[in-house]
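Here's a quick briefing to read alongside the model. Have the viewer open as you go.

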Amino acid sequence: MSVIYTRVALIGLGLIAGSMAHAMRRHGLAGEIVGTARSPETRDTAREIGLCDRVTDTAVEAVKGADLIVLAMPVGAMGRVAAEIAPHLAPGATVTDVGSVKGDVIAAVGPHLPAGVHFIPGHPLAGTEHSGPRAGFAELFENRYTLLTPVADSDPAAVMRLRGLWEGMGAIVEEMEPDHHDLVLAVTSHAPHLIAYTMVGVADHLRRVTESEVIKYSAAGFRDFTRIAASDPTMWRDVFLTNKEAVLDILGRFTEELFVLQRAIRMGDGDELHAYFTRTRAIRRGIIEAGQDTDAPDFGRVKTRKDDAGA
Ligand code: NAP
(Lines give C-alpha, C1' and ligand atoms only; values in the text may rest on other atoms or scores of the structure.)
Protein backbone atom coordinates (compact mmCIF):
# COMPACT_ATOMS: atom_id res chain seq x y z
CA MET A 1 0.00 0.00 0.00
CA SER A 2 1.16 3.58 -0.48
CA VAL A 3 1.85 6.34 1.99
CA ILE A 4 -1.32 8.34 2.75
CA TYR A 5 0.06 10.84 5.29
CA THR A 6 3.68 11.94 5.37
CA ARG A 7 3.73 12.56 9.13
CA VAL A 8 1.17 11.21 11.60
CA ALA A 9 1.17 12.55 15.17
CA LEU A 10 -0.40 10.25 17.75
CA ILE A 11 -1.35 12.15 20.91
CA GLY A 12 -1.83 9.50 23.59
CA LEU A 13 -0.08 6.15 23.21
CA GLY A 14 -2.49 3.54 24.50
CA LEU A 15 -4.33 0.58 23.00
CA ILE A 16 -5.87 2.46 20.08
CA ALA A 17 -2.95 4.70 19.09
CA GLY A 18 -0.53 1.79 19.58
CA SER A 19 -2.64 -0.42 17.31
CA MET A 20 -2.75 2.36 14.72
CA ALA A 21 1.05 2.66 14.85
CA HIS A 22 1.48 -1.09 14.30
CA ALA A 23 -1.13 -1.20 11.53
CA MET A 24 0.16 1.91 9.70
CA ARG A 25 3.66 0.49 9.78
CA ARG A 26 2.64 -2.95 8.60
CA HIS A 27 0.75 -1.51 5.64
CA GLY A 28 3.17 1.36 4.86
CA LEU A 29 0.52 4.06 5.28
CA ALA A 30 2.57 6.78 7.03
CA GLY A 31 5.90 8.35 6.07
CA GLU A 32 6.74 9.02 9.72
CA ILE A 33 4.90 8.20 12.94
CA VAL A 34 5.48 10.62 15.82
CA GLY A 35 3.94 9.94 19.21
CA THR A 36 3.60 11.48 22.63
CA ALA A 37 1.85 10.66 25.89
CA ARG A 38 1.14 12.44 29.14
CA SER A 39 3.46 10.51 31.44
CA PRO A 40 7.23 10.00 31.11
CA GLU A 41 6.68 6.28 31.88
CA THR A 42 4.46 5.78 28.83
CA ARG A 43 6.81 7.79 26.62
CA ASP A 44 9.78 5.73 27.84
CA THR A 45 7.94 2.46 27.21
CA ALA A 46 7.00 3.63 23.72
CA ARG A 47 10.66 4.47 23.02
CA GLU A 48 11.84 1.16 24.45
CA ILE A 49 9.51 -0.95 22.27
CA GLY A 50 9.97 1.29 19.20
CA LEU A 51 6.24 1.98 18.93
CA CYS A 52 6.80 5.15 16.86
CA ASP A 53 9.60 6.49 14.71
CA ARG A 54 9.94 9.36 17.18
CA VAL A 55 8.52 10.04 20.65
CA THR A 56 8.38 13.66 21.76
CA ASP A 57 7.97 15.00 25.30
CA THR A 58 5.11 17.33 24.42
CA ALA A 59 2.06 17.33 22.17
CA VAL A 60 3.16 20.69 20.74
CA GLU A 61 6.43 19.15 19.46
CA ALA A 62 4.60 16.10 18.13
CA VAL A 63 2.17 18.01 15.89
CA LYS A 64 4.80 20.21 14.22
CA GLY A 65 4.75 19.48 10.47
CA ALA A 66 2.23 16.64 10.83
CA ASP A 67 -0.45 16.28 8.16
CA LEU A 68 -2.54 13.99 10.39
CA ILE A 69 -3.03 14.45 14.12
CA VAL A 70 -4.87 11.75 16.07
CA LEU A 71 -6.29 12.53 19.51
CA ALA A 72 -6.16 9.16 21.29
CA MET A 73 -6.68 9.90 24.97
CA PRO A 74 -9.80 9.75 27.17
CA VAL A 75 -12.53 11.93 25.68
CA GLY A 76 -12.68 14.24 28.71
CA ALA A 77 -9.12 15.43 28.00
CA MET A 78 -9.48 16.14 24.27
CA GLY A 79 -10.67 19.77 24.52
CA ARG A 80 -7.71 20.75 26.66
CA VAL A 81 -5.21 19.05 24.34
CA ALA A 82 -6.83 20.63 21.26
CA ALA A 83 -6.40 24.10 22.83
CA GLU A 84 -2.73 23.35 23.52
CA ILE A 85 -1.83 22.13 20.01
CA ALA A 86 -4.07 24.47 17.98
CA PRO A 87 -1.53 27.30 17.43
CA HIS A 88 1.07 24.77 16.20
CA LEU A 89 -0.97 22.92 13.56
CA ALA A 90 0.20 23.08 9.96
CA PRO A 91 -2.27 24.64 7.48
CA GLY A 92 -4.13 21.90 5.59
CA ALA A 93 -3.53 19.31 8.31
CA THR A 94 -6.31 16.98 9.42
CA VAL A 95 -7.18 16.55 13.09
CA THR A 96 -9.11 13.42 13.97
CA ASP A 97 -9.85 11.55 17.16
CA VAL A 98 -10.72 8.00 18.15
CA GLY A 99 -13.00 8.82 21.07
CA SER A 100 -15.98 6.66 21.98
CA VAL A 101 -18.29 9.69 22.13
CA LYS A 102 -18.72 12.19 19.30
CA GLY A 103 -21.12 15.05 20.16
CA ASP A 104 -19.24 16.18 23.24
CA VAL A 105 -15.82 15.82 21.59
CA ILE A 106 -16.92 17.92 18.62
CA ALA A 107 -18.16 20.63 21.00
CA ALA A 108 -14.95 20.52 23.04
CA VAL A 109 -12.37 20.28 20.21
CA GLY A 110 -13.95 22.07 17.22
CA PRO A 111 -13.86 25.65 18.52
CA HIS A 112 -10.11 25.52 19.18
CA LEU A 113 -9.06 24.50 15.65
CA PRO A 114 -7.95 27.28 13.30
CA ALA A 115 -9.41 27.85 9.84
CA GLY A 116 -7.57 25.81 7.20
CA VAL A 117 -7.26 22.75 9.48
CA HIS A 118 -9.67 19.91 8.73
CA PHE A 119 -11.52 18.37 11.66
CA ILE A 120 -12.90 14.88 11.01
CA PRO A 121 -13.98 13.06 14.17
CA GLY A 122 -13.85 9.26 14.13
CA HIS A 123 -14.36 6.17 16.23
CA PRO A 124 -12.99 2.67 15.57
CA LEU A 125 -15.45 0.09 16.92
CA ALA A 126 -12.68 -2.17 18.07
CA GLY A 127 -11.00 -2.64 21.41
CA THR A 128 -10.02 -4.92 24.22
CA GLU A 129 -10.05 -4.53 27.99
CA HIS A 130 -6.29 -3.90 27.91
CA SER A 131 -4.74 -0.46 27.85
CA GLY A 132 -1.39 1.27 27.64
CA PRO A 133 1.47 1.41 25.11
CA ARG A 134 2.08 -2.35 25.11
CA ALA A 135 -1.57 -3.27 24.49
CA GLY A 136 -1.79 -2.44 20.77
CA PHE A 137 -1.61 -4.89 17.87
CA ALA A 138 -1.75 -4.43 14.09
CA GLU A 139 -4.86 -6.56 13.49
CA LEU A 140 -7.16 -4.74 15.93
CA PHE A 141 -9.14 -2.87 13.26
CA GLU A 142 -9.36 -5.64 10.67
CA ASN A 143 -12.92 -6.29 9.54
CA ARG A 144 -14.20 -3.95 12.27
CA TYR A 145 -16.20 -0.80 11.62
CA THR A 146 -14.71 2.65 11.96
CA LEU A 147 -17.31 5.40 12.03
CA LEU A 148 -16.39 8.86 10.76
CA THR A 149 -18.67 11.70 11.83
CA PRO A 150 -17.66 14.64 9.63
CA VAL A 151 -18.79 18.06 10.82
CA ALA A 152 -20.63 20.59 8.64
CA ASP A 153 -17.53 22.09 7.01
CA SER A 154 -15.39 18.91 6.76
CA ASP A 155 -13.68 18.90 3.36
CA PRO A 156 -14.84 15.84 1.32
CA ALA A 157 -11.32 15.25 -0.08
CA ALA A 158 -9.86 15.24 3.45
CA VAL A 159 -12.59 12.80 4.55
CA MET A 160 -11.74 10.49 1.63
CA ARG A 161 -8.08 10.57 2.59
CA LEU A 162 -8.80 9.64 6.21
CA ARG A 163 -11.18 6.93 5.03
CA GLY A 164 -8.28 5.56 2.94
CA LEU A 165 -6.08 5.35 6.04
CA TRP A 166 -8.66 3.36 8.01
CA GLU A 167 -9.39 1.09 5.07
CA GLY A 168 -5.65 0.57 4.70
CA MET A 169 -5.59 -0.63 8.32
CA GLY A 170 -8.31 -3.17 7.46
CA ALA A 171 -11.37 -1.33 8.77
CA ILE A 172 -14.80 -1.05 7.18
CA VAL A 173 -15.55 2.68 7.15
CA GLU A 174 -18.97 4.30 7.39
CA GLU A 175 -20.09 7.87 7.96
CA MET A 176 -22.69 8.81 10.55
CA GLU A 177 -24.26 11.86 12.17
CA PRO A 178 -22.56 12.53 15.55
CA ASP A 179 -25.80 12.44 17.59
CA HIS A 180 -26.90 9.24 15.93
CA HIS A 181 -23.47 7.74 16.64
CA ASP A 182 -23.85 8.56 20.34
CA LEU A 183 -27.28 6.93 20.54
CA VAL A 184 -26.21 3.80 18.65
CA LEU A 185 -23.10 3.43 20.83
CA ALA A 186 -25.13 3.98 24.00
CA VAL A 187 -27.12 0.86 23.02
CA THR A 188 -24.33 -1.30 21.67
CA SER A 189 -21.47 -0.40 23.98
CA HIS A 190 -21.98 2.17 26.72
CA ALA A 191 -25.08 0.77 28.47
CA PRO A 192 -23.77 -2.83 28.24
CA HIS A 193 -20.55 -1.71 29.91
CA LEU A 194 -22.49 -0.02 32.69
CA ILE A 195 -24.57 -3.16 33.18
CA ALA A 196 -21.38 -5.26 33.34
CA TYR A 197 -19.86 -2.88 35.90
CA THR A 198 -23.08 -3.10 37.92
CA MET A 199 -23.32 -6.89 37.80
CA VAL A 200 -19.74 -7.34 38.92
CA GLY A 201 -20.42 -4.78 41.65
CA VAL A 202 -23.47 -6.78 42.76
CA ALA A 203 -21.45 -9.99 43.01
CA ASP A 204 -18.81 -8.10 44.93
CA HIS A 205 -21.37 -6.89 47.44
CA LEU A 206 -23.11 -10.21 47.85
CA ARG A 207 -21.73 -11.16 51.22
CA ARG A 208 -23.15 -14.68 51.12
CA VAL A 209 -20.87 -15.52 48.20
CA THR A 210 -17.21 -15.26 49.07
CA GLU A 211 -14.90 -13.63 46.58
CA SER A 212 -13.11 -16.89 45.99
CA GLU A 213 -16.37 -18.65 45.13
CA VAL A 214 -17.31 -15.94 42.64
CA ILE A 215 -14.01 -16.44 40.86
CA LYS A 216 -13.86 -20.21 41.24
CA TYR A 217 -17.35 -20.89 39.91
CA SER A 218 -17.52 -18.05 37.39
CA ALA A 219 -19.51 -19.47 34.49
CA ALA A 220 -19.56 -17.94 31.03
CA GLY A 221 -22.10 -15.17 31.76
CA PHE A 222 -20.40 -13.67 34.80
CA ARG A 223 -16.93 -14.25 33.40
CA ASP A 224 -17.78 -12.21 30.32
CA PHE A 225 -19.11 -9.42 32.54
CA THR A 226 -15.84 -9.39 34.48
CA ARG A 227 -13.84 -9.05 31.27
CA ILE A 228 -15.87 -6.02 30.22
CA ALA A 229 -15.79 -4.57 33.75
CA ALA A 230 -11.98 -4.71 33.68
CA SER A 231 -11.92 -1.93 31.05
CA ASP A 232 -10.03 1.27 31.74
CA PRO A 233 -11.76 3.26 34.53
CA THR A 234 -10.74 6.71 33.24
CA MET A 235 -11.88 6.04 29.70
CA TRP A 236 -15.25 4.74 30.87
CA ARG A 237 -15.80 7.48 33.43
CA ASP A 238 -15.38 9.99 30.60
CA VAL A 239 -17.69 8.05 28.27
CA PHE A 240 -20.54 8.20 30.78
CA LEU A 241 -19.95 11.84 31.67
CA THR A 242 -19.86 12.92 28.03
CA ASN A 243 -22.62 10.72 26.55
CA LYS A 244 -24.92 11.34 29.46
CA GLU A 245 -28.23 11.94 27.65
CA ALA A 246 -28.12 8.95 25.33
CA VAL A 247 -26.91 6.60 28.08
CA LEU A 248 -29.66 7.73 30.47
CA ASP A 249 -32.25 7.28 27.70
CA ILE A 250 -31.10 3.70 27.06
CA LEU A 251 -30.85 2.87 30.77
CA GLY A 252 -34.47 4.04 31.17
CA ARG A 253 -35.54 1.63 28.44
CA PHE A 254 -33.37 -1.10 29.96
CA THR A 255 -35.10 -0.69 33.32
CA GLU A 256 -38.53 -1.02 31.65
CA GLU A 257 -37.47 -4.25 29.93
CA LEU A 258 -36.01 -5.57 33.16
CA PHE A 259 -39.36 -5.03 34.87
CA VAL A 260 -41.13 -6.91 32.06
CA LEU A 261 -38.86 -9.92 32.58
CA GLN A 262 -39.02 -9.62 36.37
CA ARG A 263 -42.81 -9.70 36.19
CA ALA A 264 -42.80 -12.69 33.81
CA ILE A 265 -40.59 -14.60 36.25
CA ARG A 266 -42.80 -13.65 39.22
CA MET A 267 -45.98 -14.67 37.35
CA GLY A 268 -44.39 -17.88 36.06
CA ASP A 269 -45.06 -16.68 32.48
CA GLY A 270 -42.80 -19.12 30.60
CA ASP A 271 -44.28 -18.18 27.22
CA GLU A 272 -43.25 -14.53 27.67
CA LEU A 273 -39.72 -15.53 28.70
CA HIS A 274 -39.38 -18.01 25.84
CA ALA A 275 -40.62 -15.54 23.24
CA TYR A 276 -38.29 -12.84 24.59
CA PHE A 277 -35.22 -15.08 24.53
CA THR A 278 -36.08 -16.28 21.02
CA ARG A 279 -36.05 -12.67 19.80
CA THR A 280 -32.70 -11.95 21.47
CA ARG A 281 -31.17 -15.13 20.07
CA ALA A 282 -31.93 -13.86 16.55
CA ILE A 283 -29.92 -10.68 17.29
CA ARG A 284 -26.89 -12.80 18.22
CA ARG A 285 -27.27 -14.72 14.96
CA GLY A 286 -27.34 -11.42 13.05
CA ILE A 287 -24.06 -10.29 14.66
CA ILE A 288 -22.34 -13.54 13.66
CA GLU A 289 -23.73 -13.39 10.13
CA ALA A 290 -22.38 -9.83 9.85
CA GLY A 291 -18.91 -11.24 10.68
CA GLN A 292 -18.63 -9.19 13.91
CA ASP A 293 -18.14 -12.18 16.23
CA THR A 294 -17.39 -15.87 16.13
CA ASP A 295 -19.93 -18.65 16.62
CA ALA A 296 -17.20 -20.90 18.06
CA PRO A 297 -18.30 -22.34 21.41
CA ASP A 298 -17.47 -20.07 24.35
CA PHE A 299 -16.50 -17.21 21.97
CA GLY A 300 -13.60 -19.28 20.64
CA ARG A 301 -11.79 -19.38 23.97
CA VAL A 302 -9.01 -21.91 24.28
CA LYS A 303 -10.02 -24.25 27.10
CA THR A 304 -7.71 -24.84 30.02
CA ARG A 305 -8.17 -27.23 32.91
CA LYS A 306 -8.97 -24.22 35.12
CA ASP A 307 -11.67 -22.97 32.69
CA ASP A 308 -13.30 -26.40 32.66
CA ALA A 309 -13.56 -26.36 36.41
CA GLY A 310 -15.21 -22.94 36.40
CA ALA A 311 -17.54 -23.25 33.40
P1 NAP B 1 -5.39 3.84 26.91
O2 NAP B 1 -4.81 2.57 26.43
O3 NAP B 1 -5.82 3.94 28.33
O4 NAP B 1 -4.37 5.04 26.59
C5 NAP B 1 -4.73 6.37 26.84
C6 NAP B 1 -3.61 7.30 26.46
O7 NAP B 1 -4.06 8.63 26.70
C8 NAP B 1 -2.34 7.10 27.27
O9 NAP B 1 -1.22 7.25 26.45
C10 NAP B 1 -2.41 8.24 28.30
O11 NAP B 1 -1.14 8.70 28.65
C12 NAP B 1 -3.11 9.33 27.53
N13 NAP B 1 -3.83 10.23 28.47
C14 NAP B 1 -4.60 9.88 29.51
N15 NAP B 1 -5.11 10.95 30.13
C16 NAP B 1 -4.62 12.01 29.47
C17 NAP B 1 -4.76 13.41 29.64
N18 NAP B 1 -5.52 13.91 30.62
N19 NAP B 1 -4.11 14.21 28.77
C20 NAP B 1 -3.35 13.69 27.80
N21 NAP B 1 -3.17 12.37 27.58
C22 NAP B 1 -3.80 11.55 28.40
O23 NAP B 1 -6.66 4.28 26.06
P24 NAP B 1 -7.27 3.71 24.71
O25 NAP B 1 -8.03 2.46 25.02
O26 NAP B 1 -6.26 3.71 23.63
O27 NAP B 1 -8.40 4.83 24.43
C28 NAP B 1 -8.08 6.04 23.83
C29 NAP B 1 -9.34 6.63 23.23
O30 NAP B 1 -9.91 5.68 22.34
C31 NAP B 1 -10.42 6.99 24.25
O32 NAP B 1 -10.98 8.21 23.93
C33 NAP B 1 -11.44 5.89 24.09
O34 NAP B 1 -12.76 6.37 24.34
C35 NAP B 1 -11.28 5.49 22.62
N36 NAP B 1 -11.60 4.09 22.30
C37 NAP B 1 -11.22 3.09 23.13
C38 NAP B 1 -11.55 1.78 22.82
C39 NAP B 1 -11.18 0.64 23.75
O40 NAP B 1 -11.79 -0.43 23.69
N41 NAP B 1 -10.20 0.78 24.59
C42 NAP B 1 -12.22 1.50 21.63
C43 NAP B 1 -12.53 2.55 20.78
C44 NAP B 1 -12.22 3.85 21.11
P45 NAP B 1 -0.37 8.09 29.93
O46 NAP B 1 -0.23 6.63 29.68
O47 NAP B 1 0.90 8.80 29.91
O48 NAP B 1 -1.25 8.39 31.10
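What follows covers a sheet with its helix, then a helix pair.

This is a predicted model, so to speak: local features need pLDDT of at least 70, side-chain atom pairs count only at pLDDT 80 or more, and totals for chains, interfaces and linings use all residues. Residues are numbered from 1 along each chain as its sequence is written, and side-chain values use heavy atoms, with hydrogens and water left out.

**The sheet and its helix**
- Three strands make an open, mixed sheet, ordered β7-β8-β9 (strands are DSSP runs of E, at least two residues, and helices are runs of H or I, at least four residues, numbered from the N terminus; two strands pair if DSSP finds at least two bridges between them).
- At the edges sit β7 (122–124) and β9 (172–175), each pairing on one side only.
- Neighbouring strands of this sheet are turned by 20 degrees against each other on average, direction ignored (axes are lines fitted to C-alpha atoms, for helices over the stretch in contact, and angles run from 0 to 180 degrees between N-to-C directions).
- β7 runs antiparallel to β8 (residues 145–148), with 3 bridges between them; Gly-122 has Leu-148 of β8 as its bridge partner.
- Helix α6 (residues 156–168) packs on the sheet and touches β7, β8 and β9 (contact means heavy atoms within 4.5 Å), and its direction makes about 150 degrees with that of β9.

**The α7/α11 crossing**
- The axes of α7 (residues 178–205) and α11 (residues 244–267) come within 9 Å and cross at roughly 65 degrees.
- On the α7 side, the contact includes Leu-183, His-190 and Leu-194, and on the α11 side it includes Asp-249 and Phe-254.
- By class, this contact has 11 nonpolar, 1 polar and 2 charged residues (Ala, Val, Leu, Ile, Met, Phe, Trp, Tyr, Cys and Pro count as nonpolar, Asp, Glu, Lys and Arg as charged, and the others, Gly among them, as polar).
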